[in-house]
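The exercises below concern salt bridges and a chain interface in a predicted model. Work through each task before reading its solution.

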Amino acid sequence: IHHIVQNGGLYKKPFNEAFEETPMLVAVLTYVGYGVLTLFGYLRDFLRQWKIEKCQNATEREEQKDFVPLYQDFENFYNRNLYMRIRDSWNRPICSVPGAKVDMMERVSHDYNWTFTYTGRVIKDVINMGSYNYLGFAQNTGACQEAAAKVLSQYGVGVCSTRQEMGNLDKHEELEKLVARFLGVESAMAYGMGFATNSMNIPALVGKGCLILSDELNHASLVLGARLSGATIRVFKHNNMQSLEKLLKDAIVHGQPRTRRPWKKILILVEGIYSMEGSIVRLPEVIALKKKYKSYLYLDEAHSIGALGPSGRGVVEYFGLNPEDVDVMMGTFTKSFGAAGGYIGGKKELIDYLRIHSHSAVYATSLSPPVVQQIITSMKCIMGEDGTTLGKARVQQLAENTRYFRRRLKEMGFIIYGNEDSPVVPLMLYMPAKIGAFGREMLKRNIGVVVVGFPATPIIESRARFCLSAAHTKEILDTALKEINEVGDLLQLKYSRHRLVPLLDRPFDETTYEETED
Amino acid sequence: MDIKRVKDYVYWLYFQYLLITCSYVLEPWEQSMFHTITVTVLAMVLYTAYVFIPIHVRLAFEFFSQMFGGQPESAV
């Protein structure tokens with residue numbers, strides 16, 4: 001477990017992050033399991049190639065058999081032989097609003113997950129532990145829905161144009177002013193899709209001759225945007241400030257690779273909450289480094305906006321920092337606001353530049369009016385401007401749910417990654433058979449969870465990811481915890497070897513805080 | 001009641017074996033093949049242990065007792 005020492009200057013409250021190490025026996029058994037599955041995969045590929053078994057996956061046509069093979073790499077092998085066997089845990093169709101409870105359509109497969117048929121039955125009131133519904137705004141009743149319905153009857157759904165042509169509605173202007181006020185920045189711009197916000201705006205900000213320092217575990221949209229821009233990309237270890245500082249020093253000292261000229265711009269790409277690890281970025285240290293080495297910071301708050309901070313304004317407020325220190329604040333409306341789309345906030349010159357030069361502004365259709373109204377209503381609710389304290393209550397409920405859920409899971413003995421305050425809770429499964437078994441057993445007990453395996457995580461570190469919501473009441477969480485406990489005993493998932501001392505019993509010094517193994 | 005608990009426990013152990021070796025996700029004919037291979041290998045290991053270990057243990061014991069038991073005699 002990490003020895004966490006607080007520096008009284010940078011951090012105003014304890015930063016509790018832990019990534020427990022994989023137990024050796026579990027790692028060995030996971031490799032054994034993958035070995036068995038690989039052998040059987042080779043056997044099945046052999047049978048498919050010699051036509052002893054019917055081939056149901058995509059293959060090249062007969063005429064193309066002599067060309068460069070398309071499906072021989074490891075990703076396709078994994079897809080055919082491992083992913084297909086447990087595919088029924090993903091892409092489950094839901095047929096109601098994804099609130100705290102959701103209705104799912106039941107489906108069965110008669111040929112081992114190659115095809116699915118619907119039985120016609122709907123599984124009602126499945127506890128939803130997988131939706132990014134952090135503040136519970138995914139509702140089909142309430143103030144947001146009424147406002148959105150009114151706007152729908154006034155503006156319709158389609159915008160039929162891009163921002164720069166005829167798609168700039170007064171609703172968009174209102175939204176952008178509100179977002180700027182919410183974040184505490186000078187100006188903001190909203191886009192139709194969160195992924196496109198990252199991938200289309202980073203190329204507008206940096207180009208060849210610039211340096212991008214991106215975290216190891218950044219999201220695919222950031223990686224894609226960085227690669228599209230043509231800048232040099234260097235990767236630092238996840239949330240590791242020593243690695244980042246070393247890269248910054250090397251960049252300033254040595255300059256560009258061959259010519260040794262100074263870099264035109266150095267941009268640090270980090271995320272607020274990393275959704276696969278549940279870890280929070282060490283923002284005070286990143287900002288200190290950024291100021292020391294005179295580089296720019298791009299903060300992707302997709303999961304942390306609305307979910308962290310005493311009034312829901314994201315990771316900057318959580319650490320008590322100044323929003324003007326972050327050069328580009330990006331976020332999405334998909335997670336906490338129950339809508340769709342993304343935004344970028346920053347100085348007025350930056351946003352004006354992006355309005356002209358961003359690919360998304362020029363080519364992508366702008367946000368649809370009912371969606372914009374949903375964002376406006378939910379943001380006003382969080383800020384408290386609709387006259388109620390609902391927003392504050394939701395933010396506090398989420399924080400309580402997070403602390404309670406994480407504490408209970410750790411006490412039960414599961415390995416949980418990430419920071420104590422992050423509403424994304426990854427529970428380690430490790431073995432491939434347990435991925436499928438966990439998803440199925442939880443659905444049998446009426447709880448829907450998201451399990452994650454190889455391409456999204458390292459191959460032995462597969463996990464189940466719970467996303468907490470302000471819409472979950474304590475009873476729902478208790479039911480879920482009881483079932484998770486049962487399934488954990490059934491599948492032997494309680495790998496943790498640390499017996500954490502309960503924090504309240506132990507007196508600790510105000511400036512240093514240690515967690516030790518017992 | 002006790003028999004049921006024992007049966008449940010044995011079934012739970014079998015389930016753990018299926019999960020750890022990933023035969024839980026295999027199709028039934030692959031599972032039968034895997035179980036046959038496992039049982040065969042296990043049987044061979046046990047048979048080899050039964051045939052060889054007692055003889056080797058006895059020989060090792062004789063070797064060491066000769067080495068240590070022989071010393072006092074030669075010292076005197």
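**Exercise 1.** Find the salt bridge of Glu245(A) with Lys292(A) and classify the accessibility of both residues.

Solution. The side chains of Glu245(A) and Lys292(A) come to 3.2 Å, N to O. Glu245(A) sits in helix α7 (residues 241–254) of chain A and Lys292(A) in helix α8 (residues 283–293), 47 residues apart, so the pair links distant parts of the chain. Glu245(A) has 21% relative accessibility and is therefore partly exposed, since that class lies between 20% and 50%. Lys292(A), at 53%, is exposed, because the cut-off is over 50%.

**Exercise 2.** Is Arg80(A) buried or exposed, and where does its salt-bridge partner lie?

Solution. Arg80(A) pairs with Asp45(A), the closest N and O atoms being 2.9 Å apart. Arg80(A) belongs to helix α2 (residues 74–83) of chain A, and Asp45(A) to helix α1 (residues 24–49) of chain A. Arg80(A) has a relative accessible area of 14% and is buried; Asp45(A), with 18%, is buried too.

**Exercise 3.** Describe the interface of chain B with chain A.

Solution. Start with the contacts: 16 residues of chain B touch 21 residues of chain A. Next, the area buried between them is about 1,800 Å², 72% of it on carbon and sulfur atoms. Then count the salt bridges between the two chains, which number three. One of them joins Arg85(A) to Glu30(B) at 2.8 Å, N to O. On chain B, the side that touches chain A divides into 12 nonpolar, two polar and two charged residues.

Methods:
Residues are numbered from 1 along each chain as its sequence is written. Chains are lettered from A and ligands numbered from 1 in the order in which they are written. This is a predicted model: local features need pLDDT of at least 70, side-chain atom pairs count only at pLDDT 80 or more; totals for chains, interfaces and linings use all residues. Side-chain values use heavy atoms; hydrogens and water are left out. Contact means heavy atoms within 4.5 Å. Buried area is the accessible area (1.4 Å probe) that two parts lose on being put together, summed over both. A salt bridge is a side-chain nitrogen of Lys or Arg within 4 Å of a carboxyl oxygen of Asp or Glu. Ala, Val, Leu, Ile, Met, Phe, Trp, Tyr, Cys and Pro count as nonpolar, Asp, Glu, Lys and Arg as charged, and the others, Gly among them, as polar. Helices (H or I, at least four residues) and strands (E, at least two) are DSSP runs, numbered from the N terminus. Buried means under 20% relative accessible area, exposed over 50%, partly exposed in between (1.4 Å probe, protein chains only).
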